[in-house]
Amino acid sequence: MPTLAHKIRLHPTPDQIQYFKQAAGTTRMVWNWALDAWNQQGVAGQHPNAYALKKQFNAIKYQQFPWLHTIHRDAHSQPFADLGEAWRRFLTGQNDRPVFKKKAKRPRVSISPMTSSRSGRRPCGSPKSVGSVRITEPLRFSGKILGARVTRRADQGFIAIQVAVSQSDYHRPRTENGQKGADVGVKTFVTLSTGEKIDGPKALRKALRRIKMRQRAITRKLEAAKGQIGLPQNAPIPQGTHLPVSHNRAKATLRVGNSHLRVANLRQDFLHKTSSRLCRENQAIGIETLSVEGMLMNHHLAQAIADQGFGQFFTILQYQADRYGTQLITADRWFPSSKPCSTSGCGYLNKDLTLKDREWTCPSCEITHDRDINAARNLHRLATATALPVATRSATDATGFGDPAHDRESDFDGKITPVRDEARPAG
Ligand SMILES: [Zn+2]
């Protein structure tokens, strides 16, 4: 059964906040205990596993850490499962090696499936010691609740609830069965093969400016704190020095945290809306997988990319494509989306195209191309050729890009990876 998660803002009481802080601290302590034990057993040539470690911990926990009695069991049992999963992902190359957790900026704590009310703006059930916590909206999905996690960002608390939903609730009907190419870029966030350009929200820019402004307030408070202990303003802080934290500095830090949260929310909202629209309207989308890491090395592009969250976009797009049954045809970064002329039947290859050229005129068919739209059209052609049930030797051949009559470059063969084999009919 597919799972969906719904993240809901919490309005805990001060006592509940205190409890969640302690529970998150417990989770961190237990994770670090388990990771340390895991590492030691690994060095000793044993084969550590999460289940055995948990048994070991349970045997000693109330003697060694008597205060665990006041924290719900979920907070000290989940870290073992998480650690096991983290190692599994590390061993299969999906993650970095698990590391010790520091006092977190974004603490989280697990809660097992809840038994109380799931609908309406009524309290959500949680461990006995916490009681009911007010939530800001009803749970969106119906089905079996698998688990939940409470997290904090800036001064806001959230609960993410995982629900097992039926196939019919998981899949969403498409409104159209179009086929489009989508060029993701720095200048314009997404350019479609229809010529439409979708830009990131303007509010995002404004919010980013506000972060810079608020960041300066912290710097001023930091300089004042340095002054208090007799350090010059621009001197580096010697290691191990604890600067006095004034109330105003704490407030300034919280303001920056809230601004970051707002930016994250604006971006998420935009990415979700854009990707769900694309998938709702199309049965096939041709899109290029950018090498985001490679582009981040280029400092001019770095800020713009970080602003736009390309990595997040592809993740969300995949998820939406799965729900709408939309076929994503991803061309890898060697696929020549920009250089070939997109006029049908032309296929001229503009070898001299550079990143700076926003527009160019094809000498063969004499049509002037907008760089992004041209790329989107080439991706559209790829999508059409791949998505159509035509017996072709490979998708690249079907696009005509591999035609030996045209000037061929060594990087001319794009590898095509269809994400889903068949588009689901709308309905
Ligand atoms: Zn042309």
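Axes here are lines fitted to C-alpha atoms, for helices over the stretch in contact, and angles run from 0 to 180 degrees between N-to-C directions. Helices (H or I, at least four residues) and strands (E, at least two) are DSSP runs, numbered from the N terminus.

**Before you start**

This is a predicted model, where local features need pLDDT of at least 70, side-chain atom pairs count only at pLDDT 80 or more, and totals for chains, interfaces and linings use all residues. Residues are numbered from 1 along each chain as its sequence is written.

**Stop 1: α5 and α6**

Select residues 202–228 for helix α5 and residues 247–281 for helix α6. Their axes come within 9 Å and cross at roughly 160°. The contact of α5 with α6 divides into 13 nonpolar, five polar and seven charged residues. Ala, Val, Leu, Ile, Met, Phe, Trp, Tyr, Cys and Pro count as nonpolar, Asp, Glu, Lys and Arg as charged, and the others, Gly among them, as polar.

**Stop 2: α6 and α9**

Now show the side chains of the contact (C-beta atoms, placed from the backbone, within 7 Å). From α6, pick L271, H272, S275, S276, C279 and R280. From α9, pick Q312, F313, I316, L317, Q320, A321 and Y324. By class, this contact has seven nonpolar, five polar and one charged residues.

**Stop 3: the strands**

Move to strand β4 (residues 144–153) and strand β5 (residues 156–164). They pair in the antiparallel sense over nine bridges; pairing takes at least two bridges found by DSSP. Click A148: its bridge partner in β5 is I161. The hairpin of β4 and β5 has two residues between the strands. There, A154 takes a positive phi near 50°.

Next, select strand β1, residues 3–11. Eight bridges join β1 to β5, and the two run antiparallel. L10 stands opposite G157 in β5. Which strand holds the bridge partner of H11? The partner is R134, in β3. Strand β3 (residues 134–135) runs antiparallel to β1, joined by two bridges.

**Last stop: confidence**

Colour by pLDDT, the predictor's confidence in each residue, from 0 to 100. The chain averages 81, and 81% of the residues score at least 70. Over residues 114–126 the pLDDT is below 50, and this stretch has 27 contacts beyond near neighbours in sequence. Residues 389–427 also fall below 50, with 63 such contacts in the model. Where pLDDT is low, the predicted coordinates should not be read in detail.

Notes:
Two residues are in contact if their C-beta atoms, placed from the backbone, lie within 7 Å.
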